[in-house]
Amino acid sequence: MIVIENEDLTGNKFYSNNSREWTALIPAAGRGSRLGYDLPKILYPINGKSILEHLVEKISNYCEKFVFILSPEGEKVIRAHLEELLPGRFEIRIQETPEGMADAILQAKDVIKTKNTFIIWGDQVCIESQTIKIATSLHEEHNVSLSIPTFTKYDPYIHFARDEKQQLIEVLQKREGDDMPEVGESDCGVFLCSTKALFQTLNEYWNNSAVKGKLTQEKNFLPFLPFFQELGNETATFRIISNKETLGINDQKDVILAEKYLKNQHKGLSSYHEIEVLIFCGGRGATNLIESIGKHPQIKLTMVVNAYDDGLSTGRLRKFIPGMLGPSDVRKNMGHIMKLGSVSQKALNTITDYRFPDGFLYNDAVKVFNEFKNYNWVLIQDLAPYFDQLPFFKLRKMASYIDTFLEYLYEQKSIGIEFDFGDCSFGNILFAGCFLQSNDFNKCITDYGMFSGVDDQVLNVTRGENYVLVGLRTDGRYLIDESEIVSPNPENILEVFLLEDYLTESELKELNSKDIEGKLKYLKEREKTPELNPDVRERVMSADVIIYGPGTQHSSLYPTYVTKNLVESVSLNRNAEKVFISNIIKDNDIAQETLNSLVNKFLYYSTNKAKEDFLNTNIVSSFFFQTPKDVSDRLDFDSKTFSFPTNSIKWMDWEIKNGKHAQSLLSDEIMAIIQSKSSKKLKSHHHLVSIVVPALNEERSVQKVLHKLNLLNFFDYGLDKEIIFVDGGSTDNTFELAQREDGVKCFQLKGKKGRGEALSLGVSNSKGNIIVFFPSDDEYNVEEIYNIISPILNNETKAVLGSRAIKCLNIDRRIMDIYDGNIISYFISKYGGMILSISSLLLFNKYVSDTLTTFKAFEGKLLKEMKVNSSGVDYDLELIAKLSKKGEHILEIPVSYRPRHKNEGKKITIFDGFSAIWALVNEKFFKKSRNI
């Protein structure tokens, strides 16, 4: 038995088959009665085409002939379709009575003349053309008698049992009452056979009792599969890429799933091109990563959360509606995706994020909700513009949720229970109404996801058990709920537990009477282990990349990992890259932790608190750690006690500010991992803009400029930002003033340095894939940064210069004003600028109207590759020369400019002009292209 894994099926390998050696055999005698369809099932329409049309389209390039096994009553109507679809390429055989698939296949014995037979059940509409291509070519390459595409899944309907040598010994079937394993290896309704071996095996073992179903008494094809080996034939299995291909059409639920999957195939997002990324996360800890990866069109992102949140208004809501878990993390993650969506999705996200003020009275809330229910939102005027952007069907669904919640609110009021709406989000109220309609938390997530337009991208890790989260600190203090766990803790959290319910007063008294060991034992005896959500199980096992995200470890993450069978599902996915991303700084719940202890606790919880050999669990393959800094709030690391090889660690400065991960770095590293697993090139995305601000003795303007930059919001562009200030050796208070501005990374060069050195230092410390140069002298308008970066975002160019000359109506007057009428300075400035522009044109065939502008933007990778060495104003001209030599388009766009006077600190001199000209000449005649 040859076993071929996924890694052998991807990459750049070329697959090709000889279609003339293949006949497709399709048993299609089934009726569509379970679908409520009067015609044969193979004619059932899905996305505007019959199942038959889908199958023919997928198979026809790889099989010369087709044989259909039909029922007597289905022959006439199906034949008419085949005459149109496959003229001259098909045969029909009739199965008079439904006695099993083996009997159906045997009907084709005398008609198949090709070397190989491709068997596919007549309802396997989700099989992909690429799978068929790979399967037929591998079958030919290995010259086997039988090959089967398989997939590992939980709760299997079919399971291929193997011996220690991986030989197929038995096929178990749930429909025949076999004792099925929890995890099984299943087929996808496709079997590739040597035609000779196929019919030889059927004939030889036709009367063997093992091939007859114990309950159905049918002769199915599956029990014959182990007998191919008995005749001395070589057989093979290979793992298919996606479990979606196993889907057969039996009922309307299958139809809905198939329609969605086939739409993705039509868009080119098949399992061979769509990359599946799954991230375990909380509410906000992985926001940057989610928003940067989530907008990539080739990536399907799934966010898995637990819903044990019980803090503040969420906790009040859980107590008000018994049986409902906390919706906050679910809703926040849906919001991350909604922010990337349409105008209506962004508007809905703003509405659902709205929080009622503290002290918001019950009667006021009822009044507001009754107005909302009637599509009137004037009582909260801040939201009115956003409601106007929603389509009516969303307003109608929202009104339905509110109406359901109001009914429950009135019921509780009648028994004396009022809900406190203070600081409660409007989205949580809508979610509560959605939950009350189904009384099923996971179904509520599905329904609310469809309402939000994010479909099934957010999943609860469990089946919805309404457990509560508690903890124990190292000093023995009991943490009574999740909100206490996330509160500031001077001591480490020893362990967290999931309980059936909060402890009663008498139970708390009993617990507190014990020492710390007694408390541990007491809580462990009451601890619950939730069941894994089947949808999460399937996503985990089909993911290309699994990410253990950063966040509040003891509430958002560790409780997720204790879910039963989660780690086993991760382990079964042998092909996924599994990345652990650590927190950058010490959060409330990890004040005394180290990187080592974070990982050890992750391993402890993810292996269901079992102390075992972690290295053999196959649950993590690489770690993203923050490069150590001499700062007290960073997590320490000890290589001697680390449980994994240190070469599995990716050390980098991931921080953008205040412990926040940089979108671009995380996303680029994840994209690199994804790219290594995909033969399709992923398009690059911009995630972060780095604004480099050089300064020298600018104490009059630096703080004002940095404050303006801090106010810039690049959210509508899908970008985060970082501000990097570089002092070139100021002798005044410039550096001290810059340090006062929050969120700015400050660097200082010792001794008086030039602009080029300051810019080079800023570039080397930048993380953005767009880098902007912006001066600290307040001569430019910060709002025009949006204009400067737009051409790069739109892939129009990789270099943009903000030209002061294009927009200037009277350059003579401006220069005279700058130099207070000094005629010599006027001539030097005016004609010196012209000489630089003409020199650029003559030497590099590139006319730049404003060569010395200090307002520029570049694609980050390009800028860092060029290695500009000039230290002063000549930096700008060397940059222009290098861009020209690389053949890069330099786009100039007009920018506003408020020039300073010479006496206000204007620093450029005639000597800077000479050095600028020399930079062009030097780059043209004395530097080779390889140094660009």
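Predicted model: local features only at pLDDT ≥ 70, side-chain atom pairs only at ≥ 80, totals over all residues.
**Nonpolar cores**
- F426 is one of the residues with the most contacts inside the largest nonpolar core, along with F369, F387, F405, F421 and Y548.
- How many residues does the largest nonpolar core have? The count is 120 residues.
- Helix 14, which covers residues 392-414, supplies the largest share of this core, with 8 residues.
- Another core lies apart from it and has 44 residues, including I120, I127, C188 and L262.
- As background, nonpolar side chains tend to be buried together in soluble globular proteins.

**An open sheet and its helix**
- In what order do the 3 strands of the open sheet stand? The order is 18-17-19, and the pairing is antiparallel.
- Strand 18 (478-479) and strand 19 (493-499) are at the edges; each has a single partner strand, so one side of each has no neighbour in the sheet.
- Strand 17, made of residues 468-473, pairs with strand 18 over 2 bridges in the antiparallel sense.
- Helix 21 (residues 553-561) lies across strand 17 and strand 19, and it runs at about 60 degrees to strand 19.

**Two residues with positive phi**
- Q217 is not a glycine, yet its phi is positive, at about 65 degrees.
- You will find Q217 in the loop between helix 5 (195-204) and helix 6 (227-230).
- The relative accessibility of Q217 is 44%, so this residue counts as partly exposed.
- N697 is not a glycine either, and has a positive phi of about 55 degrees.
- N697 sits in the loop that runs between strand 26 (688-695) and helix 25 (702-711).
- With a relative accessible area of 30%, N697 is partly exposed.

**A residue in strand 8**
- F151 belongs to strand 8, which spans residues 146-154.
- Is F151 buried or exposed? F151 counts as buried, because its relative accessibility is 6% and the cut-off for buried is under 20%.
- F151 and S186 are 35 residues apart along the chain, while their C-alpha atoms are separated by 5.3 Å.

Definitions and conventions
Residues numbered from 1 in each chain as written. Heavy atoms only, no water. Helix = DSSP H or I, 4+ residues; strand = E, 2+ residues; numbered from the N terminus. Buried < 20%, exposed > 50% of the residue type's maximum accessible area, 1.4 Å probe, protein only. Core = buried A, V, L, I, M, F, W, Y, C linked by side-chain atoms within 4.5 Å. Pairing = 2+ DSSP bridges. Contact = heavy atoms within 4.5 Å. Axes fitted to C-alpha atoms, helices over the stretch in contact; angles between N-to-C directions.
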